[in-house]
Amino acid sequence: MARIDLVDLSHSYVADPRRREDYALSKLNMTWQDGGAYALLGPSGCGKTTLLNIISGLLKPTTGRVLFNGQDVTLLNPQQRNIAQVFQFPVIYDTMTVADNLAFPLRNRGWGAAETRKRVEEIAEILELTGDLKHRASGLSADAKQKISMGRGLVRPDVAAVLFDEPLTTIDQHLKWTLRRKLKQIHAQLKLSLIYVTHDQVEAMTFADQVVVMYGGEVVQMGSPQDLFEQPAHTFVGFFVGSPGMNLMPCTIEGGSAVVADTRIPLDPAAAQVAGRAGGKLTLGIRPEFVELAAPGTPDTVLGAVERVEDLGNYKIVSARLGQQLIMAKIGEDETIASDTVHLRFPPRWTRLYADDRALTGTGG
Amino acid sequence: MQKIQDNRAWLLVLPVFLSVAFSAIIPLMTVVNYSVQDILGPDNRVFVGTEWFAEVLTDEDLHDALIRQIMFSAIILAIEIPLGIAIARALPAGGWRASASLVVLALPLLIPWNVVGTIWQIFGRGDIGLAGYVVNALGIDYNYTADPISAWFTVVIMDVWHWTPLVALLAYAGLRAIPDAYYQAAQIDGASAWAVFRYIQLPKLRGVLLIALLLRFMDSFMIYTEPFVLTGGGPGNSTTFLSQYLATLAVGQFDLGPAAAFSIIYFLIVLLFCFVFYTALQNVGRQRGIS
């Protein structure tokens, strides 16, 4: 187990990278604490797998260093780094039994027969593979195969970290929940550092203590699920996390208010001051959960034209138009929208301001 | 919609039946016909029952040819399959180097069989052939026209040169089909190069190797042209294999009856061996379920 530091890391798959777009990962500095459960969240092609392969040593970064407990391991291979990785698609050794599959990483490292057996049984127990131990691995279902893959990742107790690269993609929806809970339990039980790559926000949020959001080869935010929800540091985090994502509106600042589509939206005075000084493209963001519907005549509201109301069972989504801008609000199941227009209130406490997509400090919470 | 049930489907398979009949069944029946009759003239034939079969089965020369044939196939399979895998593993995985090596590798496969025989006939000569001259110059007594061991060496090496590329190409295709994740996982699991070969590559190559084995077995078991051109079956009978013996019987001596009987036996032997190989290799894949 180890603390992992990434120093000035960048990576390009192009031989001679020049432009920003040549890089799959751009200048990255971050620390993964020992024993943490991390999720690496981002859309396809954002550099998640690249980052994971650099940590495991399958890939050498173009620039920068990887430190395990302060020691430079950038040039070491995965075996020397003593790291485990589970891949997106199940990798099993066809000709071996399940038990031999699980024992393989241990045998390769010269473990004795008795201790190998004990450890394999332990892991099989956790993953509920005990009944299949004597069976040949190739005949099993895709779910069971992926469990074997995960088991091989978890079987070594002394690894620096276990990296998961979207391991549940091929797994049946129902089993996903079980396995995810299992992983959390394993994390608590075995005290391993886990880094879990996914593009599914629910998966990331349920699994991890800390979620790292990546976008376009950069880490845009690292924080708890609550931080990501309440304090998105980047418009992408606002948009990507949450369902539906944050309302993002281009705006200008006039006095103490933001102006969106010729409508003034009152802001927190301190936030307005910071935003007034900031350059770049300004964006106002608020989560649909925090947009309030107010009674007519309430001060500080804006008038929106109702486009549609969707009933999603336990809540409703109201889409209202403010000039060119579409705004969504999440309201209770029992609330009804009677007229064609609604009075929307954006509580300054939950209103965030972004300059060139990055959160302005001191603009909320 | 109501299903119409009639025999029209037979019409659809009829073309296949016809072409198989003309290409395989009718010629085969002709051979069967010859094998049980003594043809004395166009209108003069005698039914002889199993006489030709009995004659062929007790033929000492044929026994020797069969033993030589089995030895030859066993030797070239033992060399070509491992060598082909080794070459496939050593080839570059991609880029222009891969294309270039594949083209060079495939060259022997493009040469007509009798030309292959001629090439080695000249190549192995002690007076004007490079290989023969060099080997003799090294102090090794080598002459494929006079010495059976030299002749065997030459025939085996010629076949290895001619056909190992086929095994290598098949194995190469099989290797390229293995996803990278397997190699990455092996690296993470700390597997040695041998373990990668034994537990990833070999199991994944099983299918293509089965094909390679069957093709090479059938071809080598029916080998005719190259040894015929190179040694003509000699010296003595030392490199006379089954096909050549059959040709001598049928074309040389015009013993059509025994030749036909022998053809059928020959066909059954090839079929039997292929069946055994196929079943055995399929079972290697399945039976290891509980080990």
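## Two chains, term by term

Guide: In chain B, the axes of helix H3 (residues 60-90) and helix H7 (residues 148-176) come within 7 Å and cross at roughly 45°. Axes are lines fitted to C-alpha atoms, for helices over the stretch in contact, with angles from 0 to 180 degrees between N-to-C directions. The model is predicted: local features need pLDDT of at least 70, side-chain atom pairs count only at pLDDT 80 or more, and totals for chains, interfaces and linings use all residues. Residues are numbered from 1 along each chain as its sequence is written, while chains are lettered from A and ligands numbered from 1 in the order in which they are written.

Visitor: What makes H3(B) oblique to H7(B)?

Guide: The crossing angle is roughly 45°. Angles under 35 degrees count as roughly parallel, over 145 as roughly antiparallel, 65 to 115 as roughly perpendicular and the rest as oblique. H3(B) is therefore oblique to H7(B).

Visitor: Which hand does the crossing of H3(B) and H7(B) have?

Guide: The crossing is right-handed. That term applies if the near helix is turned clockwise from the far one by less than a right angle, and left-handed if anticlockwise.

Visitor: Which residues make the contact?

Guide: From H3(B) they include B:Ile75, B:Ile79 and B:Leu83, and from H7(B) they include B:Val160, B:Trp163 and B:Val167. Contact requires C-beta atoms, placed from the backbone, within 7 Å. By class, there are 16 nonpolar, 2 polar and 3 charged residues. Ala, Val, Leu, Ile, Met, Phe, Trp, Tyr, Cys and Pro count as nonpolar, Asp, Glu, Lys and Arg as charged, and the others, Gly among them, as polar.

Visitor: Why are H3(A) and H4(A) called oblique?

Guide: Helix H3 (residues 98-108) and helix H4 (residues 113-126) of chain A cross at roughly 125°, with axes within 9 Å. H3(A) and H4(A) are therefore oblique to each other. Their crossing is right-handed. Among the residues that meet are A:Leu102 and A:Leu106 in H3(A), and A:Val120 and A:Ile123 in H4(A). The contact divides into 7 nonpolar, 1 polar and 2 charged residues.

Visitor: How many residues does each chain bring to the contact between the chains?

Guide: Chain B gives 17 and chain A gives 24. On the chain B side, helix H8 (180-188) and helix H9 (193-221) give two or more residues each. H8(B) gives the most, with 6 residues. The chain B side has 10 nonpolar, 5 polar and 2 charged residues.

Visitor: What makes E11(A) and E22(A) edge strands?

Guide: The open sheet has the order E11-E15-E21-E22 in chain A, with antiparallel pairing. E11 (247-250) and E22 (358-359) each have a single partner strand, so one side of each lacks a neighbour in the sheet.

Visitor: How do you know that E21(A) and E22(A) pair?

Guide: Pairing needs at least two bridges found by DSSP. Strand E21 (residues 352-355) and E22(A) have 2 bridges, in the antiparallel sense. A:Tyr354 has A:Ala359 as its bridge partner in E22(A).

Visitor: Why is strand E3 of chain A called mostly covered?

Guide: In E3 (residues 37-41), 4 of 5 residues are buried. Buried means 20 or more other C-beta atoms within 10 Å of a residue's own, exposed 12 or fewer, and partly exposed in between, with C-beta atoms placed from the backbone. E3(A) runs parallel to strand E8 (residues 194-198), joined by 5 bridges. E3(A) also pairs in the parallel sense with strand E9 (residues 210-215), over 4 bridges. A:Leu41 has bridge partners A:Thr198 in E8(A) and A:Val213 in E9(A).

Technical notes. Two residues are in contact if their C-beta atoms, placed from the backbone, lie within 7 Å.
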